[in-house]
Amino acid sequence: MRIGILGGGQLGRMLALAAYPLGYRCTVLDPAADPCAAQVCSHIRGEYDDYQALYQLVLASDVITYEFENVPVATAEWLAERKPVYPPPQALAVGQERLAEKEFFTRLGIPTPQYRPVDSEADFHAALRDLGLPAVLKTRMYGYDGKGQAVLRTPQDCQQAWQRLGGRPLLLEEYVPFERELSVLAVRSRDGQVRIWPLVENQHIDGILHRSLAPAASAEELQERAAEYVCRILDELQYVGVLAVEWFQDGPRLLANEMAPRVHNSGHWTIEGAYTSQFANHLRAITGLPLGSCAMLTKNAVMYNFIGTLPPLSDILATPEASVHVYGKSFRPGRKVGHVTLVATSTEELEEKLPLWDELFARRSVSTTDAQNGLPL
Ligand code: AMP
């Protein structure tokens, strides 16, 4: 079986690595000369709207998927006329535009922070009057890792944010004083079978994921609710593959922040921590194979991202519970260049070791661009 992947970043790379044991071959399409996935599979260099390159991908693939949600919907639809494309292009259309996403959640009865579309300065003032401060102003498209957004606490913040972001299609959201951020990953097969990994607690620094803790503590009830919501999304979209949904927990409220129709950073722990990793199950789903168990292999798993730079491997691996993944990318501030997953076999072991791991894997670099986006630490 030949898998075509739009995007050749670390997610494409980890998909390709998970394809090897299944005997699958992968080809990524990516505009970069040397995307990191190309170190482990074939690469077609081309833009996502370069139809000659896309046609080459069609010829090289039996089934096509994508590893980031900003693939043009027209591209996914064009490919889907020629080869099976999973997840369905409609999931892309919802996942890449924040207003469509919020309206979709609302239509399915899934709670989400209050929001107002902002298409003009007058809309912005009306939305601010409605929602009050603090609030979060976000671009509707191409926002990721906290980019293209600003937290507004004062009238001066509003002015500055409008200067920076105004003119683009925007969304104003209520600021949620959340207790913690959670995510749920689920996978749906071609014949509608669904499996769900445990809820994960995520910590962000400067809008970029720093640490994921699986499973999220004391989350049995929330797990059930998140599972019910995620099933509504999967069924509505007749989804195939892995879907991630990010949540804010505010007391008993679980509010959907955003969804990603792809494998997700907060699921990297599944490589070592679950019977079947998100990458393996995504491949099983899109190629029509039975899904593997999403149960945890260990009591707890903790994942830390390496952002901008990587500690020496010998330092990371001096911790015996550590499994390291280096993405083969050049170092740049704010760039995800690798991650480490650590497992604990008991709650006591986690409580003992977590402070130590937190210290060892503290973020070492903060990019200037991320520091400018005004998100809370
Ligand atoms: P996003 O790109 O929407 O995932 O936002 C990046 C990060 O900004 C989130 O992980 C939150 O930490 C924070 N954030 C986004 N939206 C809100 C909100 N409405 N209220 C509070 N924090 C938010």
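Predicted model: local features only at pLDDT ≥ 70, side-chain atom pairs only at ≥ 80, totals over all residues.
**Entry 1: Glu 201 and Arg 180**

I began with Glu 201, which forms a salt bridge with Arg 180, the closest N and O atoms being 3.4 Å apart. I count a salt bridge when a side-chain nitrogen of Lys or Arg is within 4 Å of a carboxyl oxygen of Asp or Glu. This pair links distant parts of the chain, with Glu 201 in strand β11 (residues 200–205) and Arg 180 in strand β9 (residues 180–188), 21 residues apart. Strands (E, at least two residues) and helices (H or I, at least four) are DSSP runs, numbered from the N terminus. I found both Glu 201 and Arg 180 buried; buried is under 20% relative accessible area, exposed over 50%, and partly exposed in between (1.4 Å probe, protein chains only).

Residues are numbered from 1 along each chain as its sequence is written, and side-chain values use heavy atoms, with hydrogens and water left out.

How many salt bridges does the count come to? I get 17 by this rule.

Next I looked up Glu 173 and Lys 102, whose side chains meet in a salt bridge at 3.2 Å, N to O. Glu 173 lies in strand β8 (residues 170–174) and Lys 102 in helix α5 (residues 98–107), so the pair ties together parts that are 71 residues apart in sequence. Glu 173 counts as buried at 2% relative accessibility, and Lys 102 does too at 0%.

Then came Lys 353 and Glu 321, which meet in a salt bridge at 2.6 Å, N to O. Lys 353 sits in helix α12 and Glu 321 in the loop between α11 and β16 (322–326), 32 residues apart. Lys 353 is buried, with a relative accessible area of 18%, and Glu 321 is buried with 18%.

**Entry 3**

Which helix gives the most to the lining of the second largest pocket? I found helix α12 (residues 347–360), with three residues. The lining includes Leu 213, Lys 299, Thr 347 and Glu 351. For a pocket, I use an open set of points on a 1 Å grid over the protein atoms alone, with protein on both sides within 12 Å along at least five of seven lines; lining residues have an atom within 4 Å of a point.

Note on methods. 1 Å grid on protein atoms, 1.4 Å probe; cavity = no way out; pocket = protein on both sides within 12 Å on 5 of 7 lines; lining within 4 Å.
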